[in-house]
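Trainee: I've got a new one on screen. Please walk me through it.
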Amino acid sequence: MSRSERNQMSRRVLLASAGAAAGATLTAGVSVQAATESAAFGPVKIRPGDPRYEGLLRGNNFRHVGRPDEIRVVGSTDQVVRAVTEAVRAGRRVAVRSGGHCFENFTTDPAVRVLLDLSSMDEVGYDADKRAFAVQPGATLGQVYRALYKGWGVTIPGGGCPGVGAGGHFVGGGYGALSRRYGSVVDHLYGVEVVVVDRDGTARAVTATRETNDPHRDLWWAHTGGGGGNFGVVTRYWLRSPGATGDPSRLLPASPQQMLECVLVWPWAGMTEQEFTTLMRNFGVWHEHNSAPGSRSAGLFGLFLAQHRKAGYFTVVAQIDAGLPGAEGVVTDFVTAVTAGTSVQPIVNSRRTSPWVHKATWPGSGELGDGATRRYKLKAGYLRRSLTDRQLAAVYRNLTNSTGGEESGMYLLGYGGQVNAVSPEATAVAQRDTVMKAVYQTVWADEADDAANLSWIRTFYRDVYADTGGVPVPDDVNDGSYINYPDTDLADPAWNTSGVPARTLYYKDNYPRLQQVKARWDPRGVFRHALSVEPPGR
């Protein structure tokens, strides 16, 4: 391998390990009360013909581009209330964008006439009245991590892409490299402020918390994994771990100081199907045996980054808080287990310790494509155990065919641990006995290649789940999918022949309760998209 090839491989490994895990200058320690005294940004109304219009149409995925009558950039809850009120009165469909990383066309549907851009609502601070950290939806994960770290030395177990907005990430559940140790983001969600629309068309802001005597508690519950764009516009989140007391530095999990990362890279050249499937099976079996809440190994986050053969290599990554007792030994045991019974040696086998805040907030990590070419499609599934032998054969077959590309692949990400300490009905996240997530991905540059890439990933996914109608129907191996990785194919009978609807794959037994919340808080169906929660009877 040449030096240039090795450098390119190193860059891709770093990007993949950060992104699969998953701005403005912040003043650490600023209180919400003090921050909101200053004049809010906006509102700014941008319509076709405005020189800014084309530049603000696109989110992160350039496959989806809408043509709304207006992009309304808002800077406060009051501005959101007014914008929603005007849209409802005019009969114009409204959609909400914070970070813009939605994988499907939820905010770019041709029916959307008003796009609310919340990216300027990005405050992060401590709210003394609620004894919780307040985060506005436009704050990116990188901003959240940096502010919590600098001000109080705490964090949340969110995703590894620092450019993702809190708005959509939190409401869908939120997870990342610290979730096996600390649970999902919503396991630390104390409250939400949501702009809702009453039956008479009146828009208003409602605060809902997890307090058992809160009359709005059902609205809080729906935002603990119900997914964005379903019930209203979230204008603020409050975060505090259940049972946490004392000063602010004790109200959320302590942030790691140093992260230990081990990276193993194997070449596809000379890799047999038996060697590859043994490695992937071992990875899954390790997670079957090491994903109990509070276990010694629950602090380790593992990733199997199975790039297509055309990429030239595939990667296994392990990340752990270097300050945990026996961290080096946990990583060594993991590597030993994953490589057991194999003979092909990795071309990279490295361990490195780096400051957690640097890794968590590095601007380039986690983004798909580059600044000019961001077209992609992702699909996903939860796993209760290792993939079956038939599924592993399907993975190998599709990763070594002639139709995949260098930026195509399938990833396994460690899950479980403390996530599984929470009951399925306690939050809207129903998958609480899983050990991994599987993510299927393809990224490309040109619109002319859309059909080929979509065909590849759809065929791959259907092949892996051929025994259950082409989708991850909950059973002893699979457990549905993750709403923050929305995939409209799950609602398409051409690709989902299981007879199990998308709503069950995403929400399982929690869906009827979400429907009741929908009926109460969005009776007019103002907030909707291709996979949105429907009111009872639909």
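Trainee: I clicked on Arg 181. How does this residue count by relative accessibility?
Mentor: Arg 181 counts as partly exposed, at 26% relative accessibility. Buried means under 20% relative accessible area, exposed means over 50%, and partly exposed is in between, with a 1.4 Å probe and protein chains only.

Trainee: What kind of model is this?
Mentor: This is a predicted model, where local features need pLDDT of at least 70 and side-chain atom pairs count only at pLDDT 80 or more, while totals for chains, interfaces and linings use all residues. Residues are numbered from 1 along each chain as its sequence is written, and side-chain values use heavy atoms, with hydrogens and water left out.

Trainee: Back to Arg 181. Which side chain does Arg 181 meet in a salt bridge?
Mentor: Asp 321, at 2.7 Å from N to O. A salt bridge here is a side-chain nitrogen of Lys or Arg within 4 Å of a carboxyl oxygen of Asp or Glu.

Trainee: How many salt bridges does the rule give?
Mentor: The count comes to 31. One of them joins Arg 47 and Glu 70, at 2.9 Å from N to O. That pair also links distant parts of the chain, 23 residues apart. Arg 47 lies in the loop between strand 1 (44-46) and helix 3 (53-57), and Glu 70 lies in strand 2. Arg 47 is partly exposed at 42%, whereas Glu 70 is buried at 1%.

Trainee: And what does Glu 86 form a salt bridge with?
Mentor: Arg 72, with the closest N and O atoms 2.6 Å apart. Glu 86 is in helix 4 and Arg 72 in strand 2, 14 residues apart. Glu 86 is partly exposed at 36%. Arg 72 is buried at 4%.

Trainee: Which residues are linked in a network?
Mentor: Glu 104, Lys 377, Lys 379, Arg 458, Asp 487 and Asp 489, through salt bridges.

Trainee: You mentioned helix 4. How far apart are its end C-alpha atoms?
Mentor: Helix 4 (residues 77-90) has its end C-alpha atoms 20 Å apart. That agrees with the 20 Å that its 14 residues should span at 1.5 Å a residue. The expected span is 1.5 Å times one less than the number of residues.

Trainee: Which residues of helix 4 are buried?
Mentor: Among them are Val 80, Val 81, Val 84 and Val 88. What covers the buried residues of helix 4 includes strand 2 (70-73), strand 3 (94-97) and strand 9 (233-239). Covering residues are in contact, meaning heavy atoms within 4.5 Å.

Trainee: What follows helix 4?
Mentor: Gly 91, whose phi is positive, near 70 degrees.

Trainee: New topic: the whole protein. How many helices and strands does it have?
Mentor: The protein has 15 helices and 16 strands. Of its 538 residues, 59% count as buried. Its C-alpha trace spans about 65 × 50 × 45 Å along the principal axes.

Trainee: What about the largest nonpolar core? Which members touch the most others?
Mentor: Phe 276, Met 280, Phe 304 and Leu 412, out of 102 residues. Apart from that core lies another of 25 residues, among them Phe 103 and Leu 413. A nonpolar core is a set of buried Ala, Val, Leu, Ile, Met, Phe, Trp, Tyr and Cys residues joined through side-chain atoms within 4.5 Å.

Trainee: Last bit, the backbone. Which peptide bond is cis?
Mentor: The one from Gly 42 to Pro 43, with omega near 0 degrees. Pro 43 is in the loop between helix 2 (32-35) and strand 1.

Trainee: And what is the phi of Arg 131?
Mentor: Near 50 degrees, a positive value in a residue other than glycine. Arg 131 sits in the loop between strand 5 (124-127) and strand 6 (132-135). Lys 508 has a positive phi of about 50 degrees too, although Lys 508 is not a glycine.

Note on methods. Helix = DSSP H or I, 4+ residues; strand = E, 2+ residues; numbered from the N terminus.
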